[in-house]
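Please keep the sequence and the model in view while reading.

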Amino acid sequence: AEFTLGYDIGFDASLSARRLDLDALAQDLGSQLAQRLKSAVSLDTLDAVAGLLPKNVYGRVQVSSGQLKTGSAVIETGKLDVSVSDTGLKVRELSGVLPGRTRFELSGLYLPDPVTPQFNGAFKFNALDGRGFINWMRPGLYGEESGRIGRLKFSGSLSATPEHGRINGAN
């Protein structure tokens, strides 16, 4: 980690681990932060983080993990790269490999607002084993006899507020 102090406060932090177990972290810390991390990134979580930052704070946080475990899910090669300023959070990259050999990538800009915070960005999703991914997301949705589900692949832009989400230009 590196810090710059003065009128503007800057930071650059990097964390790399072979394996992060969010369940164990939540149990060890017993903190609300660990519980929020475990529940995945949401606009409410981003709004809470943005609300903690004073003006004139700028920085970058990079987190990478070979395996990120939460519950029964394991995210392989997880990466988060975020820039922070008093105007918003820029998600340079949120990526990983989910069950079903599913590669996902997300990038964009989060703009905090007391009335309607929003996230605008781009995403890519590529599940080589569509059945494996769907069975992980919704166990029991498809029975064994329902046939083969092949590759699921799409990308596009994403706009989201706490009440609505919109996907544009999905391929």
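Which residues are buried in helix H4? The model is a predicted one, in which local features need pLDDT of at least 70 and side-chain atom pairs count only at pLDDT 80 or more, while totals for chains, interfaces and linings use all residues. Residues are numbered from 1 along each chain as its sequence is written, and side-chain values use heavy atoms, with hydrogens and water left out.

Helix H4 spans residues 130-137, and its buried residues are Gly130, Arg131, Phe133 and Ile134. Here, buried means under 20% relative accessible area, exposed means over 50%, and partly exposed lies in between (1.4 Å probe, protein chains only). Helices (H or I, at least four residues) and strands (E, at least two) are DSSP runs, numbered from the N terminus.

The aromatic rings come next. Rings of Phe, Tyr and Trp (its six-membered ring) pair if their centres lie within 6.5 Å; planes under 30 degrees apart count as stacked, over 60 as edge-to-face and the rest as tilted. The structure holds three aromatic pairs. Phe125 and Phe133 form an edge-to-face pair, because their ring centres are 4.9 Å apart and their planes stand at 70°. Phe125 is buried, with a relative accessible area of 12%, and Phe133 is buried with a value of 12%. Phe125 also forms a stacked pair with Phe154, at 4.7 Å centre to centre and with 25° between the planes. This pair links distant parts of the chain, since Phe125 belongs to strand E7 and Phe154 to strand E8, 29 residues apart. Phe154 is partly exposed, with a relative accessible area of 34%. Together, Phe123, Phe125, Phe133 and Phe154 form one aromatic cluster.

Elsewhere, strand E3 (residues 57-70) contains Ser65. Ser65 is buried, its relative accessible area being 6%. A polar atom of the Ser65 side chain lies 2.6 Å from the backbone oxygen of Gln67. Leaving aside neighbours within four places in sequence, Ser65 is in contact (heavy atoms within 4.5 Å) with Ala17, Arg18, Arg19, Leu20, Glu76, Thr77 and Gly78.

Definitions and conventions. A polar contact is a pair of N or O atoms within 3.5 Å; within protein, one must be able to donate a hydrogen and the other to accept it, and residues adjacent in sequence count only if both atoms are side-chain atoms.
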